[in-house]
Amino acid sequence: CATDKKSALKKENVSVLIDDAVFNLNAAKSVGVIPIMFSSKWNYKENSPYPRVKCWGEAVKFIKELEK
């Protein structure tokens, strides 16, 4: 687990980040990575500006739509 998410995302050339923590998604967006919120019991009430998925199947569908 990287403590500096921005640097790790850049170094690994990540294009999409699926995470359950808004602060990680904010970091991703700030470096041009597409952020996707993975719903969890601790963030389901959080008002997030990011697209939200409930399972890995939804995540795959979302990413496939991005590729079109």
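This passage describes the fold, surface and selected residues of a predicted protein model.

The model is predicted, and local features were accordingly taken only at pLDDT of at least 70 and side-chain atom pairs only at pLDDT 80 or more, whereas totals for chains, interfaces and linings use all residues. Residues are numbered from 1 along each chain as its sequence is written, and side-chain values rest on heavy atoms, with hydrogens and water left out.

The protein contains three helices and three strands, assigned as DSSP runs (helices: H or I, at least four residues; strands: E, at least two) and numbered from the N terminus. Their order from the N terminus is α-β-α-β-β-α. The radius of gyration, taken over C-alpha atoms, is compared with a globule rule of 2.2 Å times the number of residues to the power 0.38. For 68 residues a compact globule would have a value near 11 Å, and the 12 Å of the protein agrees with this. Along the principal axes, the C-alpha atoms fill a box of roughly 30 × 30 × 20 Å. With contact defined as heavy atoms within 4.5 Å, 20% of the contacts between residues at least 6 apart in sequence join residues at least 24 apart.

The protein exposes about 4,900 Å², of which carbon and sulfur atoms supply 54%. Residues are classed by relative accessible area as buried (under 20%), exposed (over 50%) or partly exposed (in between); of the 68 residues, 31% count as buried. Charges were placed at NZ of Lys, CZ of Arg, CG of Asp or CD of Glu, with Lys and Arg positive, Asp and Glu negative, and His and the chain ends not counted. The mean positions of the 12 positive and 8 negative charges are 3 Å apart.

Helix α2 (residues 22–30) has Val-22, Asn-24, Leu-25, Ala-27 and Ala-28 among its buried residues. Their cover includes α1 (5–11), β1 (16–19) and β2. After α2 comes Gly-32, with a positive phi near 85 degrees. A positive phi, of about 55 degrees, is also found at Asn-13, although this residue is not a glycine. Asn-13 lies in the loop between α1 and β1 and is exposed, with a relative accessible area of 67%.

Because Phe-38 belongs to strand β2 (residues 34–38) and Trp-56 to helix α3 (residues 56–67), the pair ties together parts that are 18 residues apart in sequence. Phe-38 is buried at 18% relative accessible area, whereas Trp-56 is exposed at 55%.

Ile-18, in strand β1, is partly exposed at 22% relative accessible area. The C-alpha atoms of Ile-18 and Pro-51, 33 residues apart along the chain, are separated by 9.8 Å. In the loop between β2 and β3 (52–53) lies Asn-47, which is exposed, with a relative accessible area of 73%. A separation of 15 Å is found between the C-alpha atoms of Asn-47 and Asn-24, 23 residues apart along the chain.

Notes:
Buried < 20%, exposed > 50% of the residue type's maximum accessible area, 1.4 Å probe, protein only. Areas by Shrake-Rupley, 256 points an atom, 1.4 Å probe, with all protein chains shown as cover.
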